Amino acid sequence: MKWPAIGYVRARSLDDLWEAQRTHGAAAQVLAGGQTLLATLAFRLSEPGVLVDITRIPELRGVALRDGVLRIGALTRHAELGRDPLIARHAPLIAAAVPYIAHPAIRNRGTIGGSLAYADPAAELPACAVALDATLHLLSARGERRVKAEGFFTGLLSTLLEPGEIIAAVELPPASPAQRSAILEVSRRSGDYAMAGIAAVLELDAAGQVASPRLTFFGVGDRPVLATRANAALAGRVLDAAAIAAAAEALEGDLDPPADLHGPPEMKRHLARVLLRRALAQFLPAREKAA
Amino acid sequence: MIPITLTVNGERVSRHVEPRRHLIDFLRLDLGLTGSHAGCEHGVCGACTVRVDGEIVRGCLVPAASLDGAEVTTIEGLSDSGEVADLQAHFVARNAAQCGYCTPGMIMTAADILRHHPDATRAQIREHLSGNYCRCTGYHAIVDAVEATLAERAARRQEERR
Ligand SMILES: Cc1cc2nc3c(=O)[nH]c(=O)nc-3n(C[C@H](O)[C@H](O)[C@H](O)COP(=O)(O)OP(=O)(O)OC[C@H]3O[C@@H](n4cnc5c(N)ncnc54)[C@H](O)[C@@H]3O)c2cc1C
Ligand code: FES
Ligand code: FES
(Lines give C-alpha, C1' and ligand atoms only; values in the text may rest on other atoms or scores of the structure.)
(Ligands and ions follow the chains in the order given, each with its own letter.)
Protein backbone atom coordinates (compact mmCIF):
# COMPACT_ATOMS: atom_id res chain seq x y z
CA MET A 1 0.00 0.00 0.00
CA LYS A 2 1.15 3.59 -0.57
CA TRP A 3 2.35 5.45 2.50
CA PRO A 4 -0.24 7.65 4.19
CA ALA A 5 -0.01 11.44 4.04
CA ILE A 6 2.87 12.40 6.32
CA GLY A 7 5.13 15.31 7.07
CA TYR A 8 8.89 15.30 6.55
CA VAL A 9 11.60 17.32 8.25
CA ARG A 10 15.29 17.06 7.40
CA ALA A 11 17.35 17.55 10.57
CA ARG A 12 20.90 18.68 9.85
CA SER A 13 21.92 18.94 13.48
CA LEU A 14 20.84 17.73 16.90
CA ASP A 15 19.34 21.16 17.50
CA ASP A 16 17.19 20.74 14.37
CA LEU A 17 15.95 17.45 15.81
CA TRP A 18 15.05 18.89 19.23
CA GLU A 19 13.36 21.80 17.46
CA ALA A 20 11.26 19.44 15.30
CA GLN A 21 10.29 17.50 18.43
CA ARG A 22 9.22 20.72 20.17
CA THR A 23 7.14 21.75 17.15
CA HIS A 24 5.48 18.42 16.42
CA GLY A 25 5.42 16.75 19.84
CA ALA A 26 4.33 13.11 19.87
CA ALA A 27 3.61 13.19 16.12
CA ALA A 28 7.34 13.38 15.35
CA GLN A 29 9.07 10.08 14.61
CA VAL A 30 12.73 9.61 13.90
CA LEU A 31 13.57 8.22 10.45
CA ALA A 32 16.98 6.55 10.08
CA GLY A 33 17.48 3.92 7.34
CA GLY A 34 13.73 3.58 6.94
CA GLN A 35 14.03 -0.15 6.22
CA THR A 36 11.59 -1.02 8.97
CA LEU A 37 9.70 2.21 9.58
CA LEU A 38 8.74 2.79 5.93
CA ALA A 39 7.63 -0.82 5.51
CA THR A 40 5.39 -0.49 8.58
CA LEU A 41 3.95 2.72 7.08
CA ALA A 42 2.96 0.76 3.99
CA PHE A 43 1.17 -1.74 6.23
CA ARG A 44 -0.39 1.03 8.35
CA LEU A 45 1.26 -0.60 11.36
CA SER A 46 2.54 2.82 12.31
CA GLU A 47 1.14 6.22 11.48
CA PRO A 48 3.53 8.94 12.52
CA GLY A 49 2.53 12.51 11.72
CA VAL A 50 5.99 13.75 10.80
CA LEU A 51 9.12 11.85 9.84
CA VAL A 52 12.21 13.56 11.19
CA ASP A 53 15.11 12.41 9.00
CA ILE A 54 18.20 12.15 11.22
CA THR A 55 20.56 10.72 8.59
CA ARG A 56 22.39 14.03 8.09
CA ILE A 57 23.23 14.64 11.74
CA PRO A 58 27.05 14.39 11.91
CA GLU A 59 27.23 13.50 15.65
CA LEU A 60 25.42 10.21 14.95
CA ARG A 61 27.93 9.01 12.33
CA GLY A 62 31.26 7.28 12.25
CA VAL A 63 33.18 4.49 13.95
CA ALA A 64 36.07 5.36 16.25
CA LEU A 65 38.32 3.79 18.87
CA ARG A 66 39.03 6.25 21.64
CA ASP A 67 40.17 5.80 25.25
CA GLY A 68 39.73 2.06 25.02
CA VAL A 69 36.13 2.25 23.78
CA LEU A 70 34.90 1.30 20.30
CA ARG A 71 32.13 3.78 19.47
CA ILE A 72 29.79 2.95 16.60
CA GLY A 73 27.58 5.87 15.55
CA ALA A 74 23.85 5.05 15.41
CA LEU A 75 23.70 5.90 11.70
CA THR A 76 26.32 3.32 10.74
CA ARG A 77 24.66 1.23 8.07
CA HIS A 78 24.70 -2.57 8.16
CA ALA A 79 26.90 -2.69 5.02
CA GLU A 80 29.36 -0.29 6.67
CA LEU A 81 29.49 -2.48 9.80
CA GLY A 82 30.49 -5.34 7.50
CA ARG A 83 33.47 -3.58 5.92
CA ASP A 84 34.78 -1.28 8.65
CA PRO A 85 38.37 -2.21 9.61
CA LEU A 86 37.96 -1.10 13.26
CA ILE A 87 34.87 -3.27 13.67
CA ALA A 88 36.53 -6.24 11.95
CA ARG A 89 39.41 -5.97 14.43
CA HIS A 90 37.70 -4.96 17.67
CA ALA A 91 34.16 -6.34 17.32
CA PRO A 92 34.41 -9.21 14.83
CA LEU A 93 31.05 -10.59 16.04
CA ILE A 94 29.26 -7.57 14.56
CA ALA A 95 31.00 -7.95 11.21
CA ALA A 96 30.08 -11.64 11.23
CA ALA A 97 26.41 -10.78 11.88
CA VAL A 98 26.01 -8.59 8.82
CA PRO A 99 25.56 -11.27 6.13
CA TYR A 100 22.61 -12.66 8.14
CA ILE A 101 20.75 -9.33 8.08
CA ALA A 102 18.25 -8.99 5.22
CA HIS A 103 19.73 -8.52 1.71
CA PRO A 104 22.48 -6.33 0.20
CA ALA A 105 20.16 -3.49 -0.90
CA ILE A 106 18.58 -3.32 2.58
CA ARG A 107 21.98 -3.49 4.28
CA ASN A 108 23.02 -0.41 2.28
CA ARG A 109 20.33 1.65 4.08
CA GLY A 110 19.45 0.05 7.42
CA THR A 111 21.35 1.34 10.48
CA ILE A 112 22.53 -0.18 13.75
CA GLY A 113 20.66 2.50 15.71
CA GLY A 114 17.41 1.69 13.92
CA SER A 115 17.85 -2.01 14.50
CA LEU A 116 18.46 -1.58 18.26
CA ALA A 117 15.63 0.97 18.65
CA TYR A 118 13.14 -1.24 16.83
CA ALA A 119 14.12 -4.19 19.07
CA ASP A 120 12.86 -7.05 16.97
CA PRO A 121 13.45 -10.14 19.14
CA ALA A 122 14.64 -12.10 16.09
CA ALA A 123 17.10 -9.44 14.92
CA GLU A 124 20.83 -10.08 14.99
CA LEU A 125 22.27 -6.77 16.21
CA PRO A 126 20.35 -6.47 19.50
CA ALA A 127 21.63 -9.94 20.46
CA CYS A 128 25.19 -8.98 19.46
CA ALA A 129 24.96 -5.83 21.59
CA VAL A 130 23.93 -7.90 24.63
CA ALA A 131 26.53 -10.60 23.98
CA LEU A 132 29.30 -7.99 23.68
CA ASP A 133 28.08 -6.22 26.82
CA ALA A 134 27.60 -2.98 24.88
CA THR A 135 26.61 0.34 26.38
CA LEU A 136 24.12 2.52 24.51
CA HIS A 137 24.68 6.25 24.49
CA LEU A 138 21.26 7.94 24.52
CA LEU A 139 20.50 11.59 23.81
CA SER A 140 17.47 13.80 24.19
CA ALA A 141 16.72 17.51 24.44
CA ARG A 142 16.98 17.00 28.23
CA GLY A 143 20.48 15.56 28.17
CA GLU A 144 22.31 12.28 27.82
CA ARG A 145 22.60 8.94 29.59
CA ARG A 146 24.28 5.60 29.13
CA VAL A 147 22.51 2.27 29.59
CA LYS A 148 23.67 -1.32 29.26
CA ALA A 149 22.31 -3.20 26.24
CA GLU A 150 21.42 -6.02 28.62
CA GLY A 151 18.71 -3.99 30.35
CA PHE A 152 17.77 -1.84 27.34
CA PHE A 153 15.39 -4.37 25.75
CA THR A 154 12.29 -4.53 27.90
CA GLY A 155 9.94 -6.70 25.84
CA LEU A 156 8.54 -7.25 22.36
CA LEU A 157 9.60 -4.23 20.27
CA SER A 158 10.07 -2.36 23.55
CA THR A 159 13.08 -0.56 24.99
CA LEU A 160 14.07 1.89 27.70
CA LEU A 161 13.92 4.78 25.18
CA GLU A 162 11.81 7.63 26.51
CA PRO A 163 9.67 9.71 24.14
CA GLY A 164 11.99 12.06 22.25
CA GLU A 165 15.11 10.12 23.19
CA ILE A 166 17.42 8.68 20.54
CA ILE A 167 20.32 6.26 20.38
CA ALA A 168 23.44 8.26 19.49
CA ALA A 169 25.96 5.43 19.52
CA VAL A 170 26.80 1.92 20.62
CA GLU A 171 29.92 1.68 22.80
CA LEU A 172 31.86 -1.55 23.14
CA PRO A 173 34.90 -2.82 24.98
CA PRO A 174 37.33 -3.85 22.20
CA ALA A 175 37.75 -7.60 21.86
CA SER A 176 40.65 -8.98 23.92
CA PRO A 177 43.09 -11.40 22.27
CA ALA A 178 41.44 -14.17 24.29
CA GLN A 179 37.94 -13.39 22.98
CA ARG A 180 36.18 -15.92 20.81
CA SER A 181 32.89 -15.04 19.15
CA ALA A 182 30.44 -16.58 16.71
CA ILE A 183 26.97 -15.94 15.36
CA LEU A 184 24.78 -18.67 13.90
CA GLU A 185 21.11 -18.82 13.04
CA VAL A 186 18.47 -20.97 11.45
CA SER A 187 16.09 -19.37 8.98
CA ARG A 188 14.03 -20.81 6.17
CA ARG A 189 15.34 -18.48 3.48
CA SER A 190 18.52 -16.45 3.27
CA GLY A 191 17.90 -12.93 4.58
CA ASP A 192 14.85 -13.79 6.68
CA TYR A 193 14.67 -13.00 10.37
CA ALA A 194 15.92 -15.96 12.40
CA MET A 195 13.71 -18.78 13.64
CA ALA A 196 16.40 -19.12 16.29
CA GLY A 197 19.90 -17.76 16.58
CA ILE A 198 22.89 -17.48 18.90
CA ALA A 199 25.47 -14.74 19.40
CA ALA A 200 28.21 -16.39 21.43
CA VAL A 201 31.05 -14.53 23.14
CA LEU A 202 33.55 -15.84 25.65
CA GLU A 203 37.22 -15.76 26.54
CA LEU A 204 39.52 -18.77 26.38
CA ASP A 205 42.88 -18.78 28.15
CA ALA A 206 45.92 -20.75 27.02
CA ALA A 207 44.76 -23.77 29.03
CA GLY A 208 41.37 -23.71 27.26
CA GLN A 209 39.53 -22.44 30.32
CA VAL A 210 36.41 -20.31 29.75
CA ALA A 211 35.99 -16.84 31.25
CA SER A 212 33.19 -14.27 30.92
CA PRO A 213 30.87 -16.40 28.75
CA ARG A 214 27.95 -14.41 27.28
CA LEU A 215 25.90 -16.74 25.10
CA THR A 216 22.90 -14.74 23.90
CA PHE A 217 19.97 -16.11 21.92
CA PHE A 218 17.59 -14.39 19.50
CA GLY A 219 14.29 -15.41 17.96
CA VAL A 220 13.44 -17.48 21.03
CA GLY A 221 11.83 -14.91 23.33
CA ASP A 222 10.34 -11.42 23.40
CA ARG A 223 13.86 -9.87 23.44
CA PRO A 224 17.48 -11.04 23.23
CA VAL A 225 17.99 -13.72 25.89
CA LEU A 226 21.26 -13.83 27.81
CA ALA A 227 21.57 -17.50 28.75
CA THR A 228 22.48 -17.03 32.41
CA ARG A 229 22.40 -20.69 33.43
CA ALA A 230 24.24 -21.96 30.37
CA ASN A 231 26.85 -19.26 30.90
CA ALA A 232 27.25 -20.26 34.57
CA ALA A 233 27.71 -23.87 33.47
CA LEU A 234 30.62 -22.82 31.24
CA ALA A 235 32.39 -20.25 33.40
CA GLY A 236 35.73 -21.46 34.75
CA ARG A 237 35.56 -24.82 32.96
CA VAL A 238 37.91 -26.12 30.34
CA LEU A 239 35.97 -26.05 27.09
CA ASP A 240 35.48 -29.64 25.99
CA ALA A 241 32.66 -31.93 24.95
CA ALA A 242 31.50 -32.39 28.55
CA ALA A 243 31.38 -28.64 29.17
CA ILE A 244 29.36 -28.12 26.00
CA ALA A 245 26.92 -30.84 27.03
CA ALA A 246 26.54 -29.24 30.46
CA ALA A 247 25.82 -25.85 28.90
CA ALA A 248 23.25 -27.37 26.52
CA GLU A 249 21.50 -28.98 29.46
CA ALA A 250 21.54 -25.83 31.58
CA LEU A 251 20.07 -23.90 28.65
CA GLU A 252 16.68 -25.53 29.32
CA GLY A 253 16.22 -23.26 32.31
CA ASP A 254 17.13 -20.11 30.36
CA LEU A 255 14.54 -20.32 27.63
CA ASP A 256 10.79 -19.94 27.60
CA PRO A 257 10.16 -19.56 23.88
CA PRO A 258 6.73 -18.56 22.63
CA ALA A 259 5.05 -20.52 19.85
CA ASP A 260 5.17 -18.51 16.64
CA LEU A 261 4.64 -18.85 12.89
CA HIS A 262 7.63 -21.16 12.68
CA GLY A 263 6.56 -23.74 15.22
CA PRO A 264 6.04 -24.71 18.84
CA PRO A 265 8.29 -23.86 21.80
CA GLU A 266 9.87 -27.32 21.81
CA MET A 267 11.16 -26.79 18.28
CA LYS A 268 12.81 -23.52 19.29
CA ARG A 269 14.40 -25.17 22.33
CA HIS A 270 15.76 -27.87 20.07
CA LEU A 271 17.16 -25.33 17.58
CA ALA A 272 18.74 -23.30 20.39
CA ARG A 273 20.49 -26.40 21.79
CA VAL A 274 21.79 -27.35 18.36
CA LEU A 275 23.05 -23.82 17.75
CA LEU A 276 24.74 -23.71 21.16
CA ARG A 277 26.62 -26.93 20.41
CA ARG A 278 27.64 -25.76 16.94
CA ALA A 279 28.81 -22.35 18.15
CA LEU A 280 30.87 -23.73 21.04
CA ALA A 281 32.34 -26.49 18.87
CA GLN A 282 33.89 -23.73 16.73
CA PHE A 283 35.94 -22.64 19.75
CA LEU A 284 37.38 -26.09 20.51
CA PRO A 285 41.06 -26.59 19.83
CA ALA A 286 41.66 -28.17 16.42
CA ARG A 287 42.61 -31.61 17.81
CA GLU A 288 39.32 -32.00 19.68
CA LYS A 289 37.30 -30.90 16.68
CA ALA A 290 38.90 -33.68 14.74
CA ALA A 291 38.13 -36.20 17.50
CA MET B 1 5.90 19.79 -0.57
CA ILE B 2 9.63 19.35 -0.11
CA PRO B 3 12.06 20.88 -2.62
CA ILE B 4 14.81 18.53 -3.82
CA THR B 5 17.63 18.79 -6.33
CA LEU B 6 19.37 15.59 -7.30
CA THR B 7 21.14 13.88 -10.18
CA VAL B 8 19.28 11.14 -12.03
CA ASN B 9 21.27 9.20 -14.62
CA GLY B 10 23.72 12.06 -14.83
CA GLU B 11 21.10 14.80 -15.30
CA ARG B 12 20.33 17.44 -12.68
CA VAL B 13 16.68 17.46 -11.65
CA SER B 14 14.82 19.87 -9.33
CA ARG B 15 11.28 19.09 -8.14
CA HIS B 16 8.89 19.57 -5.25
CA VAL B 17 7.75 16.25 -3.82
CA GLU B 18 5.22 15.09 -1.26
CA PRO B 19 6.82 13.29 1.70
CA ARG B 20 4.72 10.20 0.93
CA ARG B 21 6.32 9.84 -2.53
CA HIS B 22 8.82 6.99 -2.59
CA LEU B 23 11.72 7.00 -5.01
CA ILE B 24 10.07 4.57 -7.47
CA ASP B 25 6.90 6.62 -7.86
CA PHE B 26 9.07 9.72 -8.18
CA LEU B 27 11.05 8.11 -11.02
CA ARG B 28 8.01 6.63 -12.77
CA LEU B 29 5.33 9.25 -12.27
CA ASP B 30 7.27 12.49 -11.93
CA LEU B 31 10.20 11.77 -14.26
CA GLY B 32 8.64 9.23 -16.64
CA LEU B 33 11.42 6.70 -16.03
CA THR B 34 9.31 3.53 -16.01
CA GLY B 35 12.18 1.01 -16.05
CA SER B 36 12.17 0.73 -12.25
CA HIS B 37 9.25 -1.35 -11.05
CA ALA B 38 7.11 -1.25 -7.93
CA GLY B 39 6.14 -4.73 -6.78
CA CYS B 40 5.37 -5.33 -3.12
CA GLU B 41 6.20 -1.77 -1.99
CA HIS B 42 7.33 -2.99 1.41
CA GLY B 43 10.86 -4.16 0.88
CA VAL B 44 10.61 -7.88 0.14
CA CYS B 45 10.65 -8.37 -3.66
CA GLY B 46 13.53 -6.28 -5.06
CA ALA B 47 11.69 -5.19 -8.24
CA CYS B 48 12.44 -1.60 -7.23
CA THR B 49 16.25 -1.96 -6.95
CA VAL B 50 18.10 1.21 -8.06
CA ARG B 51 21.43 2.83 -7.18
CA VAL B 52 21.61 5.75 -4.79
CA ASP B 53 25.07 7.31 -4.40
CA GLY B 54 26.59 4.30 -6.12
CA GLU B 55 25.04 1.53 -3.99
CA ILE B 56 21.89 -0.52 -4.61
CA VAL B 57 18.82 0.20 -2.48
CA ARG B 58 15.12 -0.66 -2.31
CA GLY B 59 13.57 2.33 -4.10
CA CYS B 60 10.23 1.63 -2.42
CA LEU B 61 11.84 2.18 1.01
CA VAL B 62 13.45 5.54 0.22
CA PRO B 63 11.44 8.77 0.41
CA ALA B 64 12.17 10.99 -2.59
CA ALA B 65 12.12 13.91 -0.14
CA SER B 66 15.24 12.50 1.55
CA LEU B 67 17.30 12.57 -1.66
CA ASP B 68 18.33 16.21 -1.90
CA GLY B 69 21.87 16.16 -3.30
CA ALA B 70 21.82 12.44 -4.08
CA GLU B 71 22.96 10.68 -7.22
CA VAL B 72 20.46 8.13 -8.56
CA THR B 73 21.10 5.59 -11.29
CA THR B 74 18.21 3.58 -12.74
CA ILE B 75 18.15 0.71 -15.21
CA GLU B 76 17.81 3.30 -17.99
CA GLY B 77 21.07 4.98 -16.97
CA LEU B 78 22.86 1.69 -16.37
CA SER B 79 21.79 0.37 -19.80
CA ASP B 80 22.80 3.54 -21.63
CA SER B 81 26.21 3.52 -19.99
CA GLY B 82 26.99 0.15 -21.50
CA GLU B 83 28.22 -1.12 -18.10
CA VAL B 84 26.10 -4.27 -18.31
CA ALA B 85 25.71 -4.81 -22.06
CA ASP B 86 27.34 -8.25 -21.76
CA LEU B 87 25.12 -9.23 -18.82
CA GLN B 88 22.03 -8.18 -20.74
CA ALA B 89 23.13 -10.22 -23.76
CA HIS B 90 23.49 -13.28 -21.51
CA PHE B 91 20.02 -12.66 -20.05
CA VAL B 92 18.57 -12.64 -23.58
CA ALA B 93 20.56 -15.68 -24.71
CA ARG B 94 19.32 -17.77 -21.77
CA ASN B 95 15.76 -16.52 -21.56
CA ALA B 96 16.55 -15.17 -18.07
CA ALA B 97 13.75 -12.63 -18.55
CA GLN B 98 10.28 -14.04 -19.15
CA CYS B 99 7.54 -11.60 -18.14
CA GLY B 100 10.35 -9.16 -17.35
CA TYR B 101 8.81 -7.67 -14.23
CA CYS B 102 11.74 -8.57 -12.00
CA THR B 103 14.38 -7.97 -14.67
CA PRO B 104 15.41 -4.34 -14.06
CA GLY B 105 15.89 -5.11 -10.35
CA MET B 106 17.74 -8.33 -11.17
CA ILE B 107 20.10 -6.51 -13.53
CA MET B 108 20.76 -3.78 -10.95
CA THR B 109 21.57 -6.40 -8.29
CA ALA B 110 23.59 -8.54 -10.70
CA ALA B 111 25.57 -5.44 -11.69
CA ASP B 112 26.39 -5.07 -7.99
CA ILE B 113 27.88 -8.59 -8.04
CA LEU B 114 29.91 -7.81 -11.17
CA ARG B 115 31.28 -4.69 -9.51
CA HIS B 116 31.94 -5.81 -5.95
CA HIS B 117 32.40 -9.59 -6.26
CA PRO B 118 34.12 -10.38 -9.56
CA ASP B 119 35.08 -13.84 -8.25
CA ALA B 120 31.65 -14.81 -6.88
CA THR B 121 30.83 -18.51 -6.85
CA ARG B 122 27.44 -19.81 -7.91
CA ALA B 123 26.39 -20.02 -4.26
CA GLN B 124 27.48 -16.41 -3.68
CA ILE B 125 25.55 -15.27 -6.76
CA ARG B 126 22.42 -16.93 -5.39
CA GLU B 127 22.99 -15.39 -1.97
CA HIS B 128 23.42 -11.89 -3.43
CA LEU B 129 20.27 -12.26 -5.55
CA SER B 130 18.26 -13.78 -2.69
CA GLY B 131 16.39 -10.54 -2.06
CA ASN B 132 15.15 -10.33 -5.65
CA TYR B 133 12.07 -12.40 -6.41
CA CYS B 134 11.27 -13.85 -9.81
CA ARG B 135 7.96 -15.64 -10.30
CA CYS B 136 8.70 -16.90 -13.82
CA THR B 137 12.16 -18.26 -14.46
CA GLY B 138 12.89 -20.46 -11.46
CA TYR B 139 16.15 -18.48 -11.11
CA HIS B 140 18.48 -20.98 -12.83
CA ALA B 141 18.67 -19.03 -16.09
CA ILE B 142 19.35 -15.82 -14.16
CA VAL B 143 22.14 -17.37 -12.10
CA ASP B 144 23.55 -18.92 -15.31
CA ALA B 145 23.57 -15.53 -17.02
CA VAL B 146 25.42 -13.86 -14.13
CA GLU B 147 27.88 -16.75 -13.87
CA ALA B 148 28.58 -16.67 -17.61
CA THR B 149 29.16 -12.91 -17.52
CA LEU B 150 31.57 -13.23 -14.60
CA ALA B 151 33.47 -16.02 -16.35
CA GLU B 152 33.69 -14.06 -19.57
CA ARG B 153 34.97 -10.96 -17.79
CA ALA B 154 37.52 -13.02 -15.84
CA ALA B 155 38.77 -14.55 -19.09
CA ARG B 156 39.05 -11.10 -20.63
CA ARG B 157 41.09 -9.87 -17.65
CA GLN B 158 43.43 -12.87 -18.07
CA GLU B 159 43.79 -12.09 -21.75
CA GLU B 160 44.64 -8.45 -21.03
CA ARG B 161 47.28 -9.43 -18.51
CA ARG B 162 49.10 -11.50 -21.09
C1 LIG C 1 12.71 -7.47 3.66
C2 LIG C 1 13.41 -7.09 4.93
C3 LIG C 1 14.13 -8.05 5.62
C4 LIG C 1 14.78 -7.73 6.80
N5 LIG C 1 15.48 -8.71 7.44
C6 LIG C 1 16.12 -8.42 8.60
C7 LIG C 1 16.88 -9.41 9.30
O8 LIG C 1 17.00 -10.56 8.86
N9 LIG C 1 17.46 -9.06 10.47
C10 LIG C 1 17.38 -7.78 10.97
O11 LIG C 1 17.93 -7.51 12.02
N12 LIG C 1 16.69 -6.83 10.32
C13 LIG C 1 16.07 -7.11 9.16
N14 LIG C 1 15.38 -6.11 8.52
C15 LIG C 1 15.30 -4.78 9.14
C16 LIG C 1 16.52 -3.92 8.89
O17 LIG C 1 17.64 -4.47 9.52
C18 LIG C 1 16.31 -2.50 9.41
O19 LIG C 1 17.32 -1.74 8.81
C20 LIG C 1 16.41 -2.24 10.90
O21 LIG C 1 15.59 -3.08 11.63
C22 LIG C 1 15.95 -0.81 11.22
O23 LIG C 1 16.95 0.08 10.92
P24 LIG C 1 16.64 1.39 10.10
O25 LIG C 1 17.84 2.25 10.20
O26 LIG C 1 16.16 1.04 8.76
O27 LIG C 1 15.50 2.07 11.00
P28 LIG C 1 14.15 2.83 10.64
O29 LIG C 1 13.29 1.97 9.81
O30 LIG C 1 14.46 4.19 10.12
O31 LIG C 1 13.55 2.99 12.09
C32 LIG C 1 13.08 1.88 12.83
C33 LIG C 1 12.55 2.37 14.17
O34 LIG C 1 13.59 2.83 15.00
C35 LIG C 1 13.46 4.22 15.30
N36 LIG C 1 14.84 4.76 15.22
C37 LIG C 1 15.68 4.70 14.16
N38 LIG C 1 16.90 5.18 14.49
C39 LIG C 1 16.82 5.56 15.79
C40 LIG C 1 17.76 6.12 16.72
N41 LIG C 1 19.03 6.37 16.38
N42 LIG C 1 17.33 6.37 17.97
C43 LIG C 1 16.06 6.10 18.34
N44 LIG C 1 15.13 5.57 17.52
C45 LIG C 1 15.51 5.30 16.26
C46 LIG C 1 12.49 4.77 14.28
O47 LIG C 1 11.78 5.85 14.79
C48 LIG C 1 11.59 3.56 14.07
O49 LIG C 1 10.67 3.43 15.09
C50 LIG C 1 14.73 -6.40 7.31
C51 LIG C 1 14.02 -5.42 6.61
C52 LIG C 1 13.36 -5.74 5.43
C53 LIG C 1 12.61 -4.68 4.69
S1 FES D 1 8.72 -2.97 -4.51
FE2 FES D 1 10.43 -2.52 -3.31
S3 FES D 1 10.98 -4.45 -2.55
FE4 FES D 1 9.13 -4.89 -3.59
S1 FES E 1 10.69 -12.84 -15.38
FE2 FES E 1 8.70 -12.71 -14.60
S3 FES E 1 9.07 -12.24 -12.51
FE4 FES E 1 11.03 -12.66 -13.24
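Modeller: Ala102(A) sits in the loop that joins α5 (92-97) to α6 (104-107) of chain A. Before going on, keep in mind that this is a predicted model. What is the phi of Ala102(A) near? The angle is near 45°, which is a positive value in a residue other than glycine. Most residues other than glycine have a negative phi. Is Ala102(A) buried or exposed? Its relative accessible area is 15%. Buried means under 20%, so Ala102(A) counts as buried.

Asp133(A) also has a positive phi, about 55°, although it is not a glycine. Look for Asp133(A) in the loop between α8 (124-131) and β6 (135-140) of chain A. Here the relative accessible area is 25%, so Asp133(A) is partly exposed.

Arg12(A) is partly exposed, at 44% relative accessible area. How far is its C-alpha atom from that of Gln282(A)? The two C-alpha atoms are separated by 45 Å, and the residues are 270 apart along the chain.

Chain A is divided into domain 1 (7-53), domain 2 (62-172) and domain 3 (179-286). Between the C-alpha centres of domain 1 and domain 3 of chain A there are 36 Å.

Now the ligand. Which chains surround ligand 1? Residues from chains A and B do, so the site is shared between chains. There are 33 residues around ligand 1. Those that come nearest are Val30(A), Gly34(A), Gln35(A), Leu37(A) and Thr111(A). Sorted by class, the shell has 18 nonpolar, 13 polar and two charged residues.

Some contacts are polar. Glu124(A) places a polar side-chain atom 2.8 Å from a nitrogen atom of ligand 1. Ile167(A) uses its backbone instead: an N or O atom there lies 2.9 Å from a nitrogen atom of the ligand. At Asp192(A), a polar backbone atom is 3.4 Å from an oxygen atom of ligand 1. How much of the ligand does the protein cover? Taken alone, ligand 1 exposes 970 Å², and the protein buries 92% of that. Three elements of chain A give two or more residues to the shell: β2 (28-31), α7 (112-118) and β10 (166-172). Of these, α7(A) gives the most, with four residues.

Arg71(A) pairs with Glu171(A), and their closest N and O atoms are 3.0 Å apart. Arg71(A) is in strand β5 (residues 69-73) and Glu171(A) is in β10, so the pair links distant parts of chain A, 100 residues apart. How do the two partners compare in exposure? Arg71(A), at 23% relative accessibility, is partly exposed. Glu171(A), at 11%, is buried. The pair belongs to a network of salt bridges that links Arg71(A), Glu144(A), Arg146(A) and Glu171(A).

Chain B has salt bridges to show as well. Asp86(B) forms one with Arg153(B), with the closest N and O atoms 2.8 Å apart. Asp86(B) lies in helix α3 (residues 85-93) and Arg153(B) in helix α6 (residues 140-161) of chain B, so the pair ties together parts that are 67 residues apart in sequence. At 16% relative accessibility, Asp86(B) is buried. The side chain of Asp86(B) also meets that of Arg156(B) in a salt bridge, at 3.6 Å from N to O. Arg156(B) is in helix α6 of chain B too, so this pair ties together parts 70 residues apart. Arg156(B) is partly exposed, at 42% relative accessibility. Over all chains, the count comes to 27 salt bridges.

How values were computed:
Residues numbered from 1 in each chain as written. Chains lettered and ligands numbered in written order. Predicted model: local features only at pLDDT ≥ 70, side-chain atom pairs only at ≥ 80, totals over all residues. Heavy atoms only, no water. Near = heavy atom within 4 Å. Polar contact = N/O pair within 3.5 Å; in protein donor to acceptor, adjacent residues only side chain to side chain. Areas by Shrake-Rupley, 256 points an atom, 1.4 Å probe, with all protein chains shown as cover. Nonpolar A, V, L, I, M, F, W, Y, C, P; charged D, E, K, R; others polar. Salt bridge = Lys/Arg side-chain N within 4 Å of Asp/Glu carboxyl O. Buried < 20%, exposed > 50% of the residue type's maximum accessible area, 1.4 Å probe, protein only. Domains from an automatic or database assignment.
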